[in-house]
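Here is a short briefing to read alongside the sequence and the 3D view. Have both open, and we will walk through them topic by topic.

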Amino acid sequence: MIQIQDVHKSFGDLEVLKGVDLDVDKGEVVSIIGGSGSGKSTLLYCINAIEDIQQGRIVVDEIDVHAKATNQNKLRQKLGMVFQQWNSFPHLTVLENTSLAPQIVLKKSKKEAIELAKYELNHVGLGDKFDVYPTRMSGGQQQRLAIARALAMRPDYMLFDEVTSALDPELVGEVLDTLRMLRDDGMTMICVTHEIGFAREVSDKVAFFHQGIIEEMGPPEHVISNPQKETTQKFLSKVLH
Amino acid sequence: MLCEGVSMEYQFHWNIVFNKMPQLLNGAFVTLHVSVLAMLIGIAIAVLLAIGKMSDSKAISFIPTVWVEIARNTPALFQIYMAYFGLGAFGIHLSPYVAVLSALIFVNAGYLTETFRGGFQAIPKTQYSASKSLGMSSVQVYRYIILPQMFRRIYHPLTNQFVWSILMSSLGILVGMNELSGETQRLQSLSFRTLEFFIVAAIMYYVITKFVLLSTSLVSKRIFKGDI
């Protein structure tokens, strides 16, 4: 389980997170929605220890993410992350992209790592692209590669940072389908997203971020379909037109 | 008239050059030798200087900055003189080979520092965070993700520097080094077949650099797969 308790995060003088509390249970899908600059992506980076925090704490399966004694490289093996920009490794084939980390981080044999990578690539529908270089693929395919690459580490949690925002509209569907499939597999997921319809459909819990705090949180039928706070209503009326 | 009776037609005599072929080939070997060494050591130093130069700490970036400034803005001739005669004045007597090697290392490292720095900065920062998110250590990120991409970006500037280094080693002539130009100079002064010796030496330089360019291009096809 991921416990986020009173987290404050600043970049210089700018306080981006102003006391965020959020619990994510095993098997739960939590969507984070909110305007640009509300701190949603920053929270993901803090969970993954890519960013440090100034106050509060984040605990992943009893491990305090930002404690000095924590081995953050080891911790990140539990937390798969997919970014807005897919960040494929351009000098490696699709199969190498996916099998590298299991080999060098998890110390699996090459054969084992390749098996694992092939399984995950088949899972996201890239079974015919093993030897292709990612720059030859569409954004949607590269984003599915990024998902397979993270899954090959067999993480317990997946963090998705606006994974469809940089995609051409016609490619959004295939990536959202992949996320739906993961939800059906029982993966615990935190999705920062602008896809409100998707958030309503897949989430157990939706958190609306506004100016560095969680303004409203609850099941999607409350937060999205029947928001209580005025800021939430305003935001939704803007994004839903 | 002083010139009276002197024929202006130059008679080429190639035999003497061919007789001295073993010495010339030996000179060519020394040229290749010193350039390869200057390149390899230069690269190793340049990686460190580039990392130092990108540091936020002024104390750390000071030495690389001064190094690059001197190496790029003074003639290689001056650097060879400093290594040979300059250090000699302080009682440090380097052999011509070591003096030329040191000067070439100095200047290669200076130029390549900027090449590497550009190479590092051309890799998006997000490659680093994506690798980190997969649990890789910083060393692994550099070893498997950053350096391979950087090397292919800077590969062509690197081969250019290599060719430059081969041609610049001809300044060894000034300190009596036995590389190709020094050998040519010595042999022509014994025989006065200046033109013949220098024509053959020029052809040998051409063959060496062509050989280097061809082999580096073959190597690049083997090691660099995929696109950037």
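Which residue in β4(A) is the bridge partner of A:Gln3? The partner is A:Val59. This is a predicted model, in which local features need pLDDT of at least 70 and side-chain atom pairs count only at pLDDT 80 or more, while totals for chains, interfaces and linings use all residues. Residues are numbered from 1 along each chain as its sequence is written, and chains are lettered from A and ligands numbered from 1 in the order in which they are written.

**The two chains overall**

- Chain A has nine helices and 10 strands; helices (H or I, at least four residues) and strands (E, at least two) are DSSP runs, numbered from the N terminus.
- Chain B, by contrast, has nine helices and zero strands.
- The radius of gyration of chain A is 18 Å, which agrees with the value near 18 Å for a compact globule of 241 residues. That radius is taken over C-alpha atoms, and the globule rule is 2.2 Å times the number of residues to the power 0.38.
- For chain B the radius of gyration is 22 Å, whereas a compact globule of 228 residues would have one near 17 Å.
- The C-alpha trace spans about 55 × 45 × 30 Å along its principal axes in chain A and about 85 × 45 × 30 Å in chain B.
- Buried residues make up 48% of the 241 in chain A and 33% of the 228 in chain B. A residue is buried if 20 or more other C-beta atoms lie within 10 Å of its own, exposed if 12 or fewer, and partly exposed in between, with C-beta atoms placed from the backbone.

**The antiparallel sheet of chain A**

- Four strands of chain A form an open, antiparallel sheet in the order β2-β1-β4-β5. Two strands pair if DSSP finds at least two bridges between them.
- The edge strands are β2 (14-24) and β5 (63-64) of chain A, each pairing on one side only.
- Strand β1 (residues 2-11) of chain A pairs with β2(A) over eight bridges, and A:Ile2 has A:Val24 as its bridge partner there.
- β1(A) also pairs with strand β4 (residues 55-60) of chain A, over five bridges.
- β4(A) and β5(A) are joined by two bridges, with A:Val60 opposite A:Ile63.
- Two residues lie between the strands in the hairpin of β4(A) and β5(A), where A:Asp61 takes a positive phi near 45°.

- Strand β3 (residues 29-34) of chain A runs parallel to β8(A) and is joined to it by four bridges; A:Ile32 has A:Val192 as its partner.
- Strand β7 (residues 157-161) of chain A pairs with β8(A) in the parallel sense over five bridges, and A:Phe160 stands opposite A:Cys191.
- From β7(A) the chain crosses through helix α6 (residues 169-185) of chain A to β8(A) in a right-handed β-α-β crossover. Right-handed here means that, with the strands pointing away from the viewer, the path from the first strand over the helix to the second runs clockwise.

**Nonpolar cores**

- A:Ile32, A:Ile47, A:Leu159 and A:Phe160 touch the most other members of the largest nonpolar core, which has 75 residues. Such a core is a set of buried Ala, Val, Leu, Ile, Met, Phe, Trp, Tyr and Cys residues joined through C-beta atoms within 7 Å.
- Helix α5 (residues 139-151) of chain A gives the most to this core, with six residues.
- A second, separate core of 33 residues includes B:Met39, B:Ala71, B:Tyr84 and B:Ala103.

**Where the chains meet**

- The contact takes 22 residues from chain A and 19 residues from chain B; two residues are in contact if their C-beta atoms, placed from the backbone, lie within 7 Å.
- On the chain B side, α6 (125-133) and α7 (138-168) each supply at least two residues.
- The buried residues of α6(B) pack against α2 (72-76) and β6 (79-82) of chain A together with α7 of chain B.
- B:Ala130, B:Ser131, B:Lys132 and B:Ser133 are buried in α6(B), and just after this helix B:Gly135 takes a positive phi of about 90°.
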